[in-house]
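Please read it alongside the sequence and the model.

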Amino acid sequence: MADKSDLPFMVSCPAPITNQDFVTLAHGGGGRMMHSLLERVVIPAFGNQPLESRHDGAVMKIDKGRLAFTTDSYVVHPLFFPGGDIGTLAVTGTVNDLAMCGARPLCLSAGFILEEGLPISTLERVVASMAHAAKAAKVNIVTGDTKVVDRGKGDGLFVNTAGIGIVEHDLVIAPTSVRPGDAILLSGDVGRHGVAIMAVREGLQFETTIETDCAPLPDPVLALLAAGIEVHCLRDLTRGGLATTLIEIAESSRLHVGIRERDIAIEENVCGACEILGLDPLYLANEGRFVAFVPGAQAERALQILRGHPVSATAVRIGAVSESPAALVTLQSRIGTKRILDMHSGEQLPRIC
Amino acid sequence: MKFVDEYRDQAKAESLAQTIARITTKPWSIMEVCGGQTHSIVKYGIDELLPKYITLLHGPGCPVCVTPLELIDKALQIAARPEVIFCSFGDMLRVPGSGGDLFSVKAKGADVRIVYSPLDALKIARDNPLRQVVFFAVGFETTAPANAMAVFQAQAQKIPNFSVLVSHVLVPPAIEAILSAPDNRTQGFLAAGHVCTVMGFEEYLPLARKYHVPIVVTGFEPVDILQGILMCVEQLEQGRAEVENQYARSVQREGNRPAQELMARVFRVVARKWRGVGEIPNSGYSLREEFAAYDAEARFGVAGYHVDEDSECISGQVLRGVKKPQECPAFGTRCTPERPLGATMVSSEGACAAYYQYRRHEQTSIAAEKRS
Amino acid sequence: MCLAVPGKILDVSGSDTSRTGTVSFGGVSKEACLTFVPEAKVGDYVLVHAGFAISVVDEAEAAQTLEYFRQIGELGELEEKP
């Protein structure tokens, strides 16, 4: 069958196909079908002035200050899971990365790579989720791109989002700013997203559904900065979970991170799921949780501020930074003994042993 | 969680540890047999709570670790076949065979799926009548009832496209192999609580008598393990050698009779090769004649071949408690969880993996120290 | 070996080799085969391994063990007093 993307207009095809339920290679061809896809599905969902100008790029005015810029690609499988989908993650994840720079998110781009054969209804659902998540995060998706690949060359749908934010403070928020004596604050309970995904992916259905914790984080972070808290480091706990995040910071800062297991909250049903599957919740992904490193003296105030926002209402102090042992994370277990947390070599798998 | 949290209680753990310290007057070496107990000991730092007199040895209680190399290779061969859906517990995915593991076979396009229960594999067989579904039936006696049930149901429900690759191993023969070895250092045992939930503990009585070692059936939470160690040390200090039951909330003397009956119906006891240890008579299960049609080795014609182990790997000595992971020259250098030389480094229950994850930073490889 | 987790039976259906139940583990429910614990009933706690209940938790024994811990805890305090 001839590749439809070679045809300049559908009109020359003897049997023009106007109503498509599935993505075909023609949709990526730059021709009328691609325009139809954008007009019908994408642009109305994201509806904003820069996008509607339908130009190659978006131009916006900004006040003076520094810019934060980040990008991430989303290849999650399954595309849909309890409480969210790849679209929710794609917007929220990038918004959160901007928040972790202490930036106020300004706008996002969205690049889609669609696999031939993807139902258009799936794309519609994902795009709707993205619009919803963007609204919740108070950002617009102002520019983007769409490509179609052959059947079998993509997992249905991949999304890349890049984000720009405005940095309105003068702090250097990075592991290099972490100091001995800093308090480590955790914004909420951990493990939910990882379990939600694992449950669907491995077909390990539970009768009670555990939902992802995916949520935008700019509000509590900007509140900390507005209150003058001297935030040294922020990091959201995505792949690899709380443990991996802390290990990365300890290694980058060459300082010691000490935390207490009893201070880390895990929902009872997440505990139950982890027990059954043999998973360690400290290494499970989260999509709406972060750690903040602040001077010890400001910890109480910082916690008060965090607890004033729904997404960090249960924020707690889980530990402190010290000089040594350098570049290591020590966990004090529930029974009082200490052990060093190490990176897992790959993704955790459910086990019976 | 009920019946879990109470056994992770700090006050209880500390008072048990203090009691052990009070009653210990001589050095003792105690082995825990089960990988789940190894995991707990290392994760909760239980050896840190014990007096220096008590040495904990880690036994071959990891059925993943002791699955022979040739069986892994057979699994890889079967999984690579296009008509096969290969189902396995997650534990087996990264265990290295001669060239690769199930994970890498999956990456190359094989249909390898993690299941939580053997009945999930049976369901996949029902749902995919045109494919061959093979389940990797690995485990100690704890998992044997589940695996037996899957085979039993496959036959009862006439599901022809299902088969099992059997790699069951039994604990008591392993304990006997350890105790009868000339370099044995183990003076007391913590028997595996979930194995004994199924099998009971009567089969340990002759072992305790013959080798004059105390054997305490023990659970898995830190408080269970500490109590098991306490009971064991009490016996050692008093010169007794009996079988006692710490895990009485789950284990009864005669075990689980309905489970044992089904196991006896489906499986027969055979000699089995233990990776790193060698062949131990009467130490494994094989399908009985009545269920032989469900044996994947026969169905796929992969029976009977021999493979040599990596020469540097000392997992056999680690599994028998003769060496500790850090005493291996390759530990943490040429042998890591990313590039394991043997199964004790891959399985999360393996002593080497447990030490690598939790203890690597505390002590450099003893061999490296000796060299410098 | 081996991961077996205690959970509470919420409901039971079927019989013999097809006897199953919904078991709750800290609020997360999963189906488990109850064939090997014919005496288990709704409200009991069972240990579940690979989708099968392998024992009913003996609550009396569990209580006794916890009582023992309490006693040695007290004994420890007594012996520490000068």
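Among contacts in chain C between residues at least 6 apart in sequence, what percentage join residues at least 24 apart? The figure is 29%. The model is predicted, and the points below are grouped by topic.

**Chain C**

- Chain C holds one helix and five strands.
- Read from the N terminus, its elements follow the order β-β-β-β-β-α.
- Of the 82 residues in chain C, 45% are buried.

**The four-stranded sheet in chain A**

- Four strands of chain A form an open sheet in the order S1-S6-S4-S5, and the pairing is mixed.
- Strands S1 (66–74) and S5 (140–149) of chain A are at the edges; each has a single partner strand, so one side of each lacks a neighbour in the sheet.
- From one strand to the next, the twist averages 15°.
- Strand S4 (residues 103–115) of chain A runs parallel to S5(A), and nine bridges join the two.
- Within this part of the sheet, Gly111(A) lies opposite Asp145(A), a residue of S5(A).

**Helices on the sheet**

- Helix H3 (residues 86–99) of chain A packs on the sheet and touches S1, S4 and strand S6 (157–167) of chain A.
- The direction of H3 makes about 25° with that of S6(A).
- Helix H4 (residues 120–137) of chain A also packs on the sheet, where it touches S4, S5 and S6 of chain A.
- The direction of H4 makes about 175° with that of S4(A).

**Helix H1 against helix H4**

- Helix H1 (residues 32–46) of chain A packs with H4(A) at an angle of about 10°, and their axes are 9 Å apart.
- Because of that angle, H1(A) is roughly parallel to H4(A), as angles under 35 degrees count as roughly parallel.
- On the H1(A) side the contact consists of Val41(A), Val42(A), Ala45(A) and Phe46(A).
- These meet Ile120(A), Leu123(A), Glu124(A), Val127(A), Ala128(A) and Ala131(A) in H4(A).
- By class, the residues of this contact are nine nonpolar, no polar and one charged.

**Contact between chains A and B**

- Chain A contributes 22 residues to the contact and chain B contributes 34 residues.
- Helix H8 (268–277) and strand S13 (338–341) of chain A each supply at least two residues of the side of chain A that touches chain B.
- H8(A) gives the most to that side, with four residues.
- The side of chain A that touches chain B comprises nine nonpolar, five polar and eight charged residues.

Notes:
Residues numbered from 1 in each chain as written. Chains lettered and ligands numbered in written order. Predicted model: local features only at pLDDT ≥ 70, side-chain atom pairs only at ≥ 80, totals over all residues. Pairing = 2+ DSSP bridges. Axes fitted to C-alpha atoms, helices over the stretch in contact; angles between N-to-C directions. Contact = placed C-beta atoms within 7 Å. Parallel < 35°, antiparallel > 145°, perpendicular 65-115°, else oblique. Nonpolar A, V, L, I, M, F, W, Y, C, P; charged D, E, K, R; others polar. Buried ≥ 20, exposed ≤ 12 C-beta atoms within 10 Å, placed from the backbone.
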